Amino acid sequence: MIGMVMAGGRGSRMAASAAAATAAKNDGSLPESSPHAADRAAWGEKLLLPVVSSAASDAGAPKPVVSHVIDVLLGSDQIDTVVAVVSQSNAPLTRRMLWDKYHNSGNDADGDDHDDDGGSSRSSNDRSIRIVDSAGAGYSDDLGSAMRHVLQNRYRGIHSGVFVVSGDMPLLDRGVIASVSARYARGAWTSIVTSREYAGLWGMSLEYEVVVDGTVCCYTGVSLVDPVVMKPDAHDAVPQRHAIVDDHRIAFTLNTVQDYDRLAQHMRRSGIAMP
């Protein structure tokens with residue numbers, strides 16, 4: 001499969017909550033329960049927030065959350081090619097970091113790795129990714145244009161579909177990628193959702209709810225897509241599917257400063273110190 005990381009958002013909810021937490025701390029109305037919320041008002045771009053992996057196989061020094069997501073994809077047996085969708089206007093520092101750390105100029109996005117037979121040839125030590133610049137016009141528009149780019153260039157793994165993931169998933173690991181990717185269906189767009197009840201157990205307030213088989217669910221930011229549905233003649237009739245996966249590794253995302261504090265608390269309970 002192709003692993004597509006959506007990394008071009010503005011992070012407006014994070015910025016707003018950081019400003020609110022700082023204001024509350026400064027006026028004395030908010031007790032300082034952790035060192036993170038109010039002291040990180042100048043975070044800048046959300047996807048550069050430092051996290052430490054909870055997976056024993058990937059534990060180590062802190063890294064930007066988007067790097068954690070990309071590294072997990074690069075280490076997954078299910079993923080042949082990793083594509084990061086970025087926006088120069090919304091997240092220039094994130095784009096620069098990804099370009100400097102992961103982009104291989106000898107393996108540029110020019111179609112030189114077309115794979116018509118669906119085979120995988122990415123070596124285990126290949127740390128390069130493809131970078132697709134988006135207009136930053138919104139998640140749906142950016143995802144649609146990136147999917148059409150992938151379809152046009154036929155990157156390795158395209159015949160097994162595209163595993164779309166948000167760049168702000170600090171608990172993502174190879175195990176959940178393996179289990180979720182098994183839900184891929186040809187000719188369809190499968191959105192992975194979590195039940196609202198499960199999200200509430202983690203204190204998450206996720207956006208964009210949908211009712212699936214009588215259960216109120218929230219979108220996780222993970223989708224399994226057959227790129228053929230993005231062809232111009234098929235776009236108006238994209239078969240939509242939903243799969244409920246109640247798993248904190250994909251349900252937990254960093255949308256607000258409070259989410260970052262919850263992550264720190266979760267890590268401390270696991271014996272891992274956050275930066």
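In which helix is the place of L263? Residue L263 lies in helix α8, which spans residues 257–269; helices (H or I, at least four residues) and strands (E, at least two) are DSSP runs numbered from the N terminus. L263 counts as buried because its relative accessibility is 0%, where buried means under 20% relative accessible area, exposed over 50% and partly exposed in between (1.4 Å probe, protein chains only). The C-alpha atom of L263 is separated by 9.7 Å from that of W202, although the two residues are 61 apart along the chain.

The model is predicted, so that local features need pLDDT of at least 70 and side-chain atom pairs count only at pLDDT 80 or more, whereas totals for chains, interfaces and linings use all residues. Residues are numbered from 1 along each chain as its sequence is written, and side-chain values use heavy atoms, with hydrogens and water left out.

The protein chain contains eight helices and 10 strands. Of its 275 residues, 53% are buried. Its accessible surface, calculated by the Shrake-Rupley method with a 1.4 Å probe (for residues, only the protein chains shown count as cover), comes to about 12,200 Å², and carbon and sulfur atoms account for 48% of this area. Among contacts (heavy atoms within 4.5 Å) between residues at least 6 apart in sequence, 78% join residues at least 24 apart.

Strand β4 comprises residues 81–86, and six of its six residues are buried. On one side T81, V83 and V85 are covered, and on the other V82, A84 and V86. Two strands are said to pair if DSSP finds at least two bridges between them. β4 pairs in the parallel sense with strand β1 (residues 2–7) over six bridges, and V86 of β4 is the bridge partner of A7. With strand β5 (residues 130–133), β4 pairs in the parallel sense over four bridges; here R130 in β5 is the bridge partner of V83.

A nonpolar core is a set of buried Ala, Val, Leu, Ile, Met, Phe, Trp, Tyr and Cys residues joined through side-chain atoms within 4.5 Å. The largest such core has 44 residues, of which L98 and F163 touch the most other members. Elements that each supply at least two residues of this core include β1, β4, α3 (92–102) and α8. Its largest share, seven residues, comes from α2. Beyond its neighbours within four places in sequence, F163 is in contact with residues including M1, L73, I177 and V222. A second, separate core has 19 residues, among them I2, V83, M147 and Y155.
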